[in-house]
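I opened my notebook to look at some rings and loops. Come along and check each entry against the picture.

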Amino acid sequence: DIFDSTPVYENLPEKARKILLLPDSSLQGSWTCRDETLRMKKLTEVLKHHLGEQSPTGDEFMEAIGSLCGSEPSYHWIDIVGVMNRRIPHSWHQDTGRSRGGDTKTVLLGFPKEDNYSGVGVFSHAVKLKYEKVSSKEHALDDPVVYSGLKIDDEYIVRPQFEQGKEIVMFRDV
């Protein structure tokens with residue numbers, strides 16, 4: 001739903017669509033559902049199937065998750081998946097290094113690769129900063145701040161645990 005209803009993907013050639021929908025591809029777009037018509041039809045069906053008729057619509061679910069982002073969210077989503085059979089170089093980064101409205105948060109909704117999973121590795125790992133590190137005003141909003149080559153001792157790295165009841169992680173990106 002979210003892929004098919006993101007305007008930038010609406011008129012993709014079938015070949016490009018298939019490549020973007022491969023299991024190890026990451027997608028991005030807008031989760032905002034401000035239209036009058038139901039946008040997340042498939043998600044609505046899944047929620048009703050598993051939660052019953054009183055479940056939220058897919059649009060209501062996405063808006064509820066998005067509302068956790070703060071008063072001035074970017075409405076940007078990215079589907080981050082593990083890349084299979086390739087080594088990807090790691091760089092510590094901030095998603096934006098900014099906090100629009102002063103309360104902006106990055107929100108991660110986790111989906112493990114198997115049912116009843118409990119452990120680390122579903123969410124990105126992070127480092128809790130002692131002081132806020134805000135990017136300069138010249139830095140483009142919604143452009144990651146990359147710290148190439150930065151080494152951080154393992155004792156300072158936070159690896160969020162995923163399990164039932166802990167499907168969402170939220171943090172400030174400054």
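**Ground rules.** I worked on a predicted model, where local features need pLDDT of at least 70 and side-chain atom pairs count only at pLDDT 80 or more, while totals for chains, interfaces and linings use all residues. Residues are numbered from 1 along each chain as its sequence is written, and side-chain values use heavy atoms, leaving out hydrogens and water.

**Aromatic pairs.** How many aromatic pairs does a search of the whole structure find? I got 2. Rings of Phe, Tyr and Trp (its six-membered ring) pair if their centres lie within 6.5 Å; planes under 30 degrees apart are stacked, over 60 edge-to-face, and the rest tilted. The ring centres of tyrosine 117 and phenylalanine 162 are 6.4 Å apart with planes at 35°, so I noted this pair as tilted.

**Cover.** Buried means under 20% relative accessible area, exposed over 50%, and partly exposed in between (1.4 Å probe, protein chains only). Phenylalanine 162 is buried at 6%, phenylalanine 123 is buried at 8%, and tyrosine 117 is partly exposed at 22%.

**Loop residue.** Asparagine 116 is not a glycine, yet I found a positive phi of about 60° there. Asparagine 116 sits in the loop between strand E4 (106-109) and strand E5 (126-127), and is exposed at 80% relative accessibility.

Terms used
Helices (H or I, at least four residues) and strands (E, at least two) are DSSP runs, numbered from the N terminus.
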